[in-house]
Amino acid sequence: MPLTDYLRRFQKLRVATSRQHGEAPYKPALLLAVLEGIAEGTILDNRIEITPELIAAFKAICADLSTGSLFTAANFALPFYHLRSDGFWHLHTWPGLDILLTKSNSVRSFRHLRDVVAYAALDF
């Protein structure tokens, strides 16, 4: 996929919003953390694994993007799972395992996501 297509898709990310708090920075923060990992060489191919480095970068970027204490990056699993709805982020589970969802169609927990998902990959 050409870089211009990614730019367009990134600009149209579906992000969580609320009337009280506005837009949540979680998906953009995760994508910036992935780009940081690529630039630093901790992500070497199209296998975006859940690593301590990625989680730390995500949390640091969330803190930078947040306009206050509202967005604390408490649940890395949510943007990692929900980015798949934007059409360019694909989750690859370990063979024979499925992601279990809550009644609200969200991933059950970070631990469950980490145990079931081998990696995410971007369109190319």
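1. Buried is used here for residues under 20% relative accessible area, exposed for those over 50%, and partly exposed for those in between (1.4 Å probe, protein chains only). The model is predicted, so local features need pLDDT of at least 70 and side-chain atom pairs count only at pLDDT 80 or more, while totals for chains, interfaces and linings use all residues. Residues are numbered from 1 along each chain as its sequence is written, and side-chain values use heavy atoms, with hydrogens and water left out.

2. Both F58 and F76 are buried, and F76 counts as buried because its relative accessibility is 3%. F110, with a relative accessible area of 27%, is partly exposed.

3. F76 and F110 form an edge-to-face aromatic pair, 6.2 Å centre to centre with 75° between the planes; rings of Phe, Tyr and Trp (its six-membered ring) pair if their centres lie within 6.5 Å, and planes under 30 degrees apart count as stacked, over 60 as edge-to-face and the rest as tilted. This pair links distant parts of the chain, with F76 in the loop between α3 and α4 and F110 in helix α5 (residues 110–116), 34 residues apart; helices (H or I, at least four residues) and strands (E, at least two) are DSSP runs, numbered from the N terminus.

4. One aromatic cluster is formed by Y26, F58, F76, F80, W89 and F110.

5. In the largest nonpolar core, which has 29 residues, L30, I48, F80 and W89 touch the most other members; such a core is a set of buried Ala, Val, Leu, Ile, Met, Phe, Trp, Tyr and Cys residues joined through side-chain atoms within 4.5 Å. The largest share of this core, six residues, comes from α3.
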